[in-house]
Amino acid sequence: MCYTCAMVIAPLARAERISLIDSLRGFALLGILLMNMPFFSGPYLLSDNPLILQETGLNYWCWWVVRVFFDGTMRGMFSMLFGAGTFLLISRLEQKNSGLLPADIYYRRLWWLMLFGLIDGYIILWPGDILLTYGITGLLFFPFRNLKTRGLLLFSAVFMVICSIQSTLHIQDAAKVRKEGMEVAARKAKHKSITPKQKASLETWTKLQNEQNLDTLRKKSDSLGVQYRRNDYVAQQKEISGVKVYLETKELFTTWIWESLAFFLFGLALFKAGILTGKKSPLFYVVMGALGYAVGATLRIQSTNFTYATAFDASRLIELEPVSLYQVSRIGMTLGHLSVLVLLYKTGVFSWVFKALANVGQMAFTNYLSQSLICTFLFFGYGFGLFGLLQRYQTYGVVVAIWVFQLIFSAIWMRYFLFGPLEWVWRSLTYWERQPILRAKR
Amino acid sequence: MDTGWYHCAMIIAPAARGERISLIDSLRGFALLGILLMNMPVFSIPEYNNPLVAGELSGANYWCWWLVDVFFEGSMRGIFCMLFGAGSFLLLSRLTLKNAGLLPADIYYRRIIYLILFGLLDAYVFLWFGDILFLYGLTALLFFPFRNVKPWGLVAFAGIFLTLLIIKPTLKMHEAAKLRKEGTKIELMQAKNTYLKPEQKEKLAEWTKFKTSINLDSLKKEADYLGVKFRTNNYFAQQKEITRWNIEGIAGRIFPVGILETLAYFFIGLAFFKWNILTGKRSYVFYIICGALGYGIGVPIRILYVNHIFNTGMDFSRAAEFLPVNMYQPIRFLITLGHISLVIIVFKLGWVTWLYKALANVGQMAFTNYLSQSLICTFLFFGYGFGLYGTLQRYQTYEVVAAIWVFQVIFSAVWMRYFLFGPLEWVWRSLTYWERQPLLRARKHPVKPGSHLPVVQDYTPALS
């Protein structure tokens, strides 16, 4: 029944798009590759720990800059835009259609998104896929869309607190393991008797130390590297499926959904307040940016340097942050980036850059999936097998190459077509009818 | 666009009692009580589905296990899911008739979000690690855009999902059989002191590990250990333990199997509702045929399989010797069909109406009753309550089941006499509409004929 109605409902026309939002999305989409690249290009253990390979110089600074300025912020911005975009989509559909049809279209869209997420994860073999998470979070997001700005901020805060509580518990658990373990070790050194319970704490502590031991990590990474370079597609598929099932169950339900929902809601709040659309005064963005960076960068630089100095010892994080401030620093940095981008947009000086980014943003779905395809093929054994062979700074050379490619490809494509190729497939599937794709000649 | 959704609650009313279809309530009550048959051993016995661990080779304990495994395993959950699918459709149809725009979808999804929260409460606070509310909530999020699909389309989708669920365990079964074959061969080689290649050694280790996993002595030890732990744990220790189980359950049960299976049964239930099967409108002949097919094929195969697996010492690597295809899902469907037909035939005959009325009361407050089963059982069996975990024999746990049934039937009958909704149904509704709902029944609740929308009894597939 629903499918026949597709005739009367049209996907949003290009003119309705808000260009700044497209540019922001394009920026976030390209930026995401900064964090994802180390996960594509080498063993995951190395991605956030430059000590294992004793990386110095350019490699160290690549790690430091990405960790301080970009980690979590591009994903954050992308999620915020997803929340705002969803609201826009449903509002438009509501103006054009009556009854429950907008909800049907919305949920059909999400079904396809989740299927694309499964393809990204289990066929293209990108273990860090975000589409499935967005799909599931989108299922929950719908009834929140009409909340006022304040309500949205409140719920967003609640979900962020839930995430932060979990990270805090991790920090405290690890610290407790250390404290108890060291006490028992001291008793043992003095040849005092230890109870079975104390013995167990000592074992847990030893295990944690071994897990964090740089040599152990290096050996593990090396063998993982050999394996990923050698695996043919079938073997690699099996390997990644194992990783994914873990990530997509435990991590997805305990962290990712909450985190994404928090940022969907936060993005919608900012959209409704006119902040995301650039409607506020330049002064507003200057103040927001300054505050965001002040809080975010301070926390980030501290935590990055501290983690490095303590050799990534999870049990010592408590000395810096008894309560996890990751989400706080993340929001700060994200708002900072957002402010700078909006201010630059408002000056109008870089309009060609924003135009180029808007093209990338309009076909964000295509570009996201092609990043997965390009990178897995470049690094895994069934493709070029470069996994674990490039230095960190070299992988950022690959990032720049992909950026250039995607900027050019998107510009050309959007000149001739109404939608990105996969956007068109997604739309056609959602409306269960072939959608127009060619742009009319002016 | 800032229309706060809570303000709209004024103009939308929850389903009034007069609109309820009694047969569906009775079926739901039946399934709800029946579910406890499978859940009880999970609540109360370590290694609940392996009667060999406690040496239950004959007598009351054996027969309790056998009867439940043959006749009830999977089918009560099946009926419950089917009714959930049909119920969701009914709810949305009612809401659509009364409200314009997207409001019905909003109400539906708010309801589901609260259901998910109640599921989390059930699993992480009441500590019921077999909770289904969370799973139903997740599945219901996905269900919405399928509600208007025609019955055959729904059945086709369900067929695809169930096929996937047949393929997966079939492959596993054959993998296990292969492991047995190769493992025993290598064992023979080892006995003859033949040189073993490294990959053969690996295989042997895998096979030994599998054998340990079904070894009765090690299972007994594990069960004893678990029994002591669950009996002595205080609430916090138990909470930590069960949280781990729950998260493993998400990874092992809910995500790879549960969602597909539940969605399939939501679809089948909705198709059966649209075909007027669940409403009891079809002829006697129709139900007799369904019942005969369901029981006639389902029960014999299930009996043969249950006996086979029992005789092999619950050895999964020998499951493929019975039939090369894993029959769990098809058999489960057939027996579910049999139960539904039987319940409806007796309903149509007008026999034991008092029983159907009693079951309808239970079914109308199914949500309350489900959560109270969790609360009663965890408190009865876990260490922070009466700590009976692992101390009762299987047949004794079924006496507890009977006691809970009697309690729930009486409690539901008394409660529904005075109130419009079950207590937790009322909380759920009030949360969904974000407004205190009426609860007390007016004396002699007047039901004017034709005053309620829609006349669901006359539902025809044309509506789809």
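Modeller: Helices (H or I, at least four residues) and strands (E, at least two) are DSSP runs, numbered from the N terminus. This is a predicted model, where local features need pLDDT of at least 70 and side-chain atom pairs count only at pLDDT 80 or more, while totals for chains, interfaces and linings use all residues. Residues are numbered from 1 along each chain as its sequence is written, with chains lettered from A and ligands numbered from 1 in the order in which they are written.

Colleague: OK, at what angle do α2 and α14 of chain A cross?
Modeller: Roughly 75°, with the axes of α2 (residues 19-41) and α14 (residues 351-362) of chain A coming within 6 Å. That makes α2(A) roughly perpendicular to α14(A), a label for angles of 65 to 115 degrees; under 35 is roughly parallel, over 145 roughly antiparallel and the rest oblique.

Colleague: Which residues of α2(A) and α14(A) meet there?
Modeller: Among them are Leu24(A), Phe27(A) and Leu30(A) from α2(A), and Phe354(A), Leu357(A) and Val360(A) from α14(A). Contact here means C-beta atoms, placed from the backbone, within 7 Å. By class the contact has 8 nonpolar, 6 polar and 2 charged residues. Ala, Val, Leu, Ile, Met, Phe, Trp, Tyr, Cys and Pro count as nonpolar, Asp, Glu, Lys and Arg as charged, and the others, Gly among them, as polar.

Colleague: Switching to chain B, how far apart are the axes of α6 and α9?
Modeller: They're 8 Å apart, and α6 (residues 151-191) and α9 (residues 235-274) of chain B pack at about 155°. So α6(B) and α9(B) are roughly antiparallel.

Colleague: What classes of residue make the contact of α6(B) with α9(B)?
Modeller: 17 nonpolar, no polar and 2 charged.

Colleague: Last one: how many helices and strands in chain A?
Modeller: 17 helices and 0 strands. Its radius of gyration, taken over C-alpha atoms, is 23 Å, close to the 22 Å that the globule rule gives for 442 residues, so chain A is as compact as a globular protein of that length. The rule is 2.2 Å times the number of residues to the power 0.38.

Methods: Axes fitted to C-alpha atoms, helices over the stretch in contact; angles between N-to-C directions. Contact = placed C-beta atoms within 7 Å.
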